[in-house]
Amino acid sequence: MGLCAAGHEWDLPLHLRQTPLDGAIPEREIKEVCKFFTIQDFEAGDVIIKKGDPSNTAYCIVSGSADIVLKEEKEGKGRIQVTVGANNFLGGFGLITGEDNAAGSSNQVVKEPVSVVGARPGMYVKLPRDQLQRLQQAKPKIYKTISELIALRAHLLTDIPFFKQVTSRWPKAAFYTFASLFQYQAFFEHEELIAESGKQADKLIVLIRGTLNVANMRKGNDMYQLTERGKLINLTSLFYNFSRLYWDIVASPNEADVTQIMTLRREDFRKFIAAEIIDSYDAFERASIEYVLREMRSQQRLFLHVVEEADMTEFCSLWKLKEYGENVKIVVKKAVDIRSSCSSSSSSTTTTTTGGLSQAHTKTYFHILVGGSADAYSNEKQVRSGKLMKAHRRQFLYGSGI
């Protein structure tokens with residue numbers, strides 16, 4: 001690995017267009033900041049970032065791909081790693097204002113939480129601390145923009161309530177490792193497609209800036225506009241294999257601004273959990289339930305608006321997420337079945353003893369679909385005739401056990 005033979009000065013503006021700088025600063029200014037970056041090539045297996053080194057340089061893959069190593073191979077168990085491509089900053093957490101040297105001692109300098117190694121040969125650019133400081137003196141406005149882009153992964157977890165609720169007490173190494181899994185995307189053209197209805201819902205989308213238009217495929221031309229920073233889309237898809245998206249999601253930037261999102265793939269989230277970096281699955285599941293129910297309450301959906309704000313956390317703790325596969329029956333009432341394609345619910349069977357006799361009671365609870373759909377029917381004749389009642393996400397299925 002070394003300086004790229006093709007990485008001459010005239011190449012750098014093109015390569016920097018493969019980083020988050022593209023669209024964030026004008027093209028003429030990209031040319032002006034090239035001198036602060038270094039471009040290098042790498043082969044498969046080359047160490048780009050070494051775990052434990054000072055986190056004082058930001059990297060970005062511009063071609064090829066690299067693996068973020070979450071857990072090294074050990075005792076016959078394979079390495080757990082996440083593959084990333086262009087357009088994402090890696091490392092450099094010590095460059096975030098107030099992070100590095102905050103304690104004033106060398107043993108508390110921010111260190112790289114993970115190693116990053118080459119997967120498919122390519123090139124990367126890097127921006128070390130001394131060059132970033134030079135940039136601050138020469139181009140303070142561009143410095144601010146680039147610093148914000150480098151810090152975006154970490155600020156995502158501290159500024160957005162959902163993530164803050166889960167990660168606020170994590171050790172720095174776990175915090176920065178999780179932050180490394182988020183991937184950045186920016187959209188400049190109106191109606192650029194981000195996610196297509198009918199496709200698999202396999203990643204969380206977080207709106208960082210700008211506007212998203214969401215079209216509901218079940219309601220024809222109905223369009224919803226999202227502008228709230230930190231809005232989470234497809235949150236529960238991190239946990240369960242929902243069959244498909246119910247919306248077209250498109251970017252809607254205006255002439256003076258771009259639309260920015262961060263995404264977290266379900267596959268990468270599950271690898272983070274499998275690496276056992278920190279015990280967090282239950283905390284994420286609980287936070288997800290609370291986020292979904294609070295969102296429904298704010299929209300005055302179902303009965304949730306009658307729950308007082310002071311009682312919401314306790315109320316949300318009563319619910320559980322559960323996945324059902326296609327054509328699996330969910331019994332919600334003795335005389336009524338639900339045949340699901342994918343849903344979330346909770347049910348249990350308990351045994352109590354009265355007067356020395358054992359009596360079995362099946363408790364059936366309220367069900368709210370948070371993904372997929374379900375067909376409701378009261379007898380098999382309705383199934384054979386196809387006269388089923390269709391239920392979709394955010395709809396309520398009555399449970400008689402309450």
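Visitor: About how much space lies in the second largest cavity?
Guide: Heads-up: this is a predicted model, where local features need pLDDT of at least 70, side-chain atom pairs count only at pLDDT 80 or more, and totals for chains, interfaces and linings use all residues. A cavity is a set of points on a 1 Å grid over the protein atoms alone where a 1.4 Å probe fits but cannot get out; points join across faces, edges and corners, and the volume is the space filled by probe spheres set on them. There are 3 cavities of 30 Å³ or more in the structure. For the second largest cavity, the space comes to about 50 Å³.

Visitor: Which helix gives the most to the lining of the second largest cavity?
Guide: Residues are numbered from 1 along each chain as its sequence is written, and side-chain values use heavy atoms, leaving out hydrogens and water. Lining residues have an atom within 4 Å of a point, and here they include Asn 87, Phe 89, Leu 149, Leu 152 and Arg 153. Helices (DSSP H or I, at least four residues) and strands (E, at least two) are numbered from the N terminus. With 3 residues, the top contributor is the one at residues 140-159, helix 4.

Visitor: How many residues of the lining of the second largest cavity are charged?
Guide: Asp, Glu, Lys and Arg count as charged; Ala, Val, Leu, Ile, Met, Phe, Trp, Tyr, Cys and Pro as nonpolar; the others, Gly among them, as polar. The lining has 7 nonpolar and 2 polar residues, and the charged count is 1.

Visitor: How many residues does helix 4 give to the lining of the second largest pocket?
Guide: A pocket is an open set of points with protein on both sides within 12 Å along at least five of seven lines. This one holds about 350 Å³ of space, and 15 residues line it, with Thr 145, Glu 148, Leu 149, Arg 209 and Gln 260 nearest its centre. Strand 10 (203-209) and helix 4 each supply at least two of the lining residues. Helix 4 gives the most, and its number is 6.

Visitor: Is Asn 87 buried, partly exposed or exposed?
Guide: Asn 87, one of the residues lining that second largest cavity, sits in the loop between strand 5 and strand 6. Its phi is near 80°, a positive value in a residue other than glycine. Buried means under 20% relative accessible area and exposed over 50%, with partly exposed in between (1.4 Å probe, protein chains only). Asn 87 has 21%, so it is partly exposed.

Visitor: Why is strand 4 largely enclosed by the rest of the structure?
Guide: Strand 4 covers residues 57-71, and the reason is in its burial count. It is largely enclosed because, out of 15 residues, the number buried is 13.

Visitor: Which residue in strand 7 is the bridge partner of Asp 67?
Guide: Two strands pair if DSSP finds at least two bridges between them. Strand 4 runs antiparallel to strand 7 (residues 115-128), joined by 11 bridges. Across that pairing, the partner of Asp 67 is Val 117.

Visitor: Which residue in strand 6 stands opposite Cys 60?
Guide: Strand 4 also pairs antiparallel with strand 5 (residues 80-84) over 5 bridges, where Ile 68 stands opposite Val 82. Another 3 bridges join it, again antiparallel, to strand 6 (residues 89-91). There, opposite Cys 60, you'll find Phe 89.
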